[in-house]
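Here is a quick tour of one model, written for someone who likes to know the cut-offs. Have the viewer open and follow along.

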Amino acid sequence: MYLRRDDVLNRQITKLILLGSMLLLIIPSAVLILGWKWQPTDHPLGGISTLWIANSAAKPWGVVTLIVLLVLFFMVLKLKRNHFIQLAVIIIATLSIGQLIKVAVKNTVKEPRPYVVWVSENLHISSEAFYQVSRPEREQLLQNGLANSPVIPEWQLKHWKAETGYAFPSGHSLFSATLALFVFVLFMLRRHYFLASLGLLWGIDVTVGRIVLGMHWASDVIVGILISTVLVWCAFKVIEHRLLLKS
């Protein structure tokens with residue numbers, strides 16, 4: 001049966017989204033299947049560089065990352081100006097919807113972070129009690145209990161104090177996977193394979209780093225990636241309809 005060009009493009013995009021998503025899911029899925037549990041160490045895998053990469057998917061550096069990628073899209077994809085503006089709006093809207101979903105689910109599920117579970121076991125305070133107090137009080141609990149810990153680096157404690165919210169799903173993973181999939185699909189379609197691979201590797205670094213830093217369970221990361229996959233697929237339906245990929 002003869003397929004129209006639109007149908008061929010649609011199938012190609014869907015295959016690329018699924019491929020990118022599967023690559024993002026490999027490590028967190030392996031962690032979940034193998035039953036690996038986070039434990040603190042004074043030398044976390046990747047060290048402070050893991051935190052730097054993770055921060056590129058969070059406020060305020062996430063905004064910088066987004067701007068850099070939009071500039072890259074403008075320079076490499078060579079879309080018409082109005083088409084580029086529409087693409088930028090779609091990407092920003094997709095990211096915003098993802099973050100709204102994240103907030104709603106976090107406040108509904110209320111799953112404690114891995115480090116909070118460990119802290120509760122070592123500081124003799126339940127996870128429920130930890131989350132019942134205000135955020136400044138949570139920060140103080142961490143400071144009082146871990147300031148002199150031999151297994152928690154100062155930079156990691158500072159990061160924990162800045163993120164005392166719930167775990168499920170991972171907002172960093174949702175943000176980074178969404179951007180990584182946009183990069184992967186758009187650049188693969190234009191045969192910029194190096195840039196496509198680089199974007200996906202960044203997404204993998206961020207998602208794996210959230211597990212390594214004790215901020216998320218593997219399931220948090222997996223669900224974040226799956227949500228981003230659905231959102232990006234929906235976004236490309238809009239992009240295809242607007243003919244942004246054919247200019």
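## Around F84

Leaving aside neighbours within four places in sequence, F84 is in contact with L70, F73, F74 and L79 (contact means heavy atoms within 4.5 Å). F84 sits in helix α4; helices here are DSSP runs of H or I with at least four residues, strands are runs of E with at least two, and both are numbered from the N terminus. With a relative accessibility of 15%, F84 counts as buried (buried is under 20% relative accessible area, exposed is over 50%, and partly exposed is in between, using a 1.4 Å probe and protein chains only). Its C-alpha atom is 8.1 Å from that of F73, 11 residues away along the chain.

A word on the ground rules: this is a predicted model, where local features need pLDDT of at least 70 and side-chain atom pairs count only at pLDDT 80 or more, while totals for chains, interfaces and linings use all residues. Residues are numbered from 1 along each chain as its sequence is written, and side-chain values use heavy atoms, with hydrogens and water left out.

Helix α7 covers residues 135–146, and its 12 residues reach 16 Å from first C-alpha to last, close to the 16 Å expected at 1.5 Å a residue (the expected span is 1.5 Å times one less than the number of residues). Its buried residues are R138, L142 and L146.

T164 is in the loop between α8 and α9, and counts as buried at 1% relative accessibility. Not counting residues up to four places away in sequence, T164 touches several residues, including R135, R138 and L142. The T164 side chain also makes a polar contact with the side chain of R135, at 3.5 Å. A polar contact is a pair of N or O atoms within 3.5 Å; within protein, one must be able to donate a hydrogen and the other to accept it, and residues adjacent in sequence count only if both atoms are side-chain atoms.

## The largest pocket

How many residues line the largest pocket? There are 34, of which A58, K59, Q99, K102 and H172 lie nearest its centre. The largest share of the lining, 8 residues, comes from α4.

Two cis peptide bonds are worth a look. One joins K59 and P60, with omega about -5°, and P60 is in the loop between α2 and α3. The other runs from F168 to P169, with omega near -5°; P169 is in the loop between α8 and α9.

Then there are positive phi values in residues other than glycine. K78 has phi near 55°; K78 is in the loop between α3 and α4, and is exposed at 65% relative accessibility. K110 has phi near 55° too, and lies in the loop between α4 and α5, partly exposed with a relative accessible area of 48%.

Definitions and conventions:
On a 1 Å grid over the protein atoms alone, a cavity is a set of points where a 1.4 Å probe fits but cannot get out, and a pocket is an open set with protein on both sides within 12 Å along at least five of seven lines; lining residues have an atom within 4 Å of a point.
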